[in-house]
Amino acid sequence: MNFDTSVLFGGIYMLTLKVVVPQNAGFSQGTMGFLSSAIAEGRVTLESFLRFVQGGKDKNPPSATIVEDAYKILGENNVLAQYQAAEAWRIPMGEKVPVRYSRSTLERCAKENAGKQACWWLVFIQALSLLRQCGVLSSRREGALFSPRRGWLEQAEGNIGLNATDVFSPGYYLLDLAGRFGRVPWSDQEEEIKRLGHSFARANEAVVSEAALSIRMVFGRSPLGSFRHWGVTTNERGERIAVGQTEPSGMEVQFYNPTTKMYQFLRCVLVILPES
């Protein structure tokens, strides 16, 4: 079985490969066609492709440490890969980062998605602060992706939460973008999260904002719907930050009294903590 594929290296060099796979290797034409396009699009590395071919059907599938596993399990419409994030934000991609979740974790998320219990996405996060996200898009004259109501910028100076990124690192994160626990105080949301177990946490607001903006730039839709994610950063009055994205106003950043339980739209995006 022969096919040609072109692989782009570093956005500069294009290498065309002719791959010959024996007919008795156990792969269908459809499988090889999928792999060919996946390599060309950067979703499958050449190294992992060679491991796949050499293993054949008899080889146990690898653990989910490469993004193509996530594509197969969660589906292409619920994965935003590293190269897509780099293109969306126009930031050099750098060294490829593995997916730090097990196959069983991804399969559990896919099952919850299928049962409409959640909306898990695997998203590559560049670890941009809210301030930098707004600055990058404004410098590209894409500031409309942020709401013109930007009173929060006046609080940015001296607010570590709005500027820092050291609370999380670049990489892949599993986020439930359906949002949970509306119409309860912030502290009650925290108690609900604890009941889920130590693997779950409230996502940092900058992670949620970056994920939502990346998905909007790559897939053309706003994943948060009409709710706002209640984050962790506080202002000088002790109010908790909330970020949300609506059409066509863009990403909004506001602060709310943490004791309020009036608003169904103040929800919580969960993150599953990386496993390795």
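Modeller: Let us begin with a definition: rings of Phe, Tyr and Trp, the last through its six-membered ring, pair if their centres lie within 6.5 Å. On that basis, ring pairs link Tyr 256, Tyr 263 and Phe 265 into a cluster. Please keep in mind that this is a predicted model.

Colleague: How many aromatic pairs does a search of the whole structure find?

Modeller: The search finds 6 aromatic pairs. In one of them, the ring centres of Trp 120 and Phe 200 are 6.4 Å apart and the planes meet at 45°, so this pair is tilted. Trp 120 belongs to strand 4 (residues 120-125) and Phe 200 to strand 6 (residues 200-202), so the contact ties together parts that are 80 residues apart in sequence.

Colleague: Are Trp 120 and Phe 200 buried or exposed?

Modeller: Both Trp 120 and Phe 200 are buried. A further pair joins Trp 121 and Phe 219: the centres are 5.3 Å apart, and the planes stand at 80°, so the arrangement is edge-to-face, the cut-off for that class being over 60 degrees. Trp 121 lies in strand 4 and Phe 219 in helix 9 (residues 205-219), so parts 98 residues apart in sequence are tied together.

Colleague: What are the relative accessible areas of Trp 121 and Phe 219?

Modeller: Trp 121 has a relative accessible area of 2% and is buried. For Phe 219 the value is 24%, and the residue is partly exposed; the reason is that buried requires under 20%.

Colleague: Which charged end sits over the ring of Trp 186?

Modeller: That of Arg 240, at 3.8 Å from the ring centre. Likewise, Arg 267 lies over the face of Phe 227, 5.9 Å from the ring centre.

Colleague: Let us turn to the strands. What is the general idea for their side chains?

Modeller: In a regular strand, side chains alternate between the two faces of the sheet. Here, strand 10 (residues 266-272) is mostly covered, with 6 of its 7 residues buried.

Colleague: Which strands pair with strand 10 in the antiparallel sense?

Modeller: Strand 5 (residues 171-180) runs antiparallel to strand 10 and is joined to it by 4 bridges; Asp 176 stands opposite Leu 270. Strand 6 also pairs with strand 10 in the antiparallel sense, over 3 bridges, and Ala 201 has Val 271 as its bridge partner.

Colleague: Which strand pairs with strand 10 in the parallel sense?

Modeller: Strand 7 (residues 228-234) does, over 2 bridges. There, His 229 stands opposite Arg 267, the residue that also lies over the face of Phe 227.

Definitions and conventions:
Residues numbered from 1 in each chain as written. Predicted model: local features only at pLDDT ≥ 70, side-chain atom pairs only at ≥ 80, totals over all residues. Heavy atoms only, no water. Phe/Tyr/Trp six-rings, centres within 6.5 Å; stacked < 30°, edge-to-face > 60°. Buried < 20%, exposed > 50% of the residue type's maximum accessible area, 1.4 Å probe, protein only. Lys NZ or Arg CZ within 6 Å of the ring centre and 35° of its normal. Pairing = 2+ DSSP bridges.
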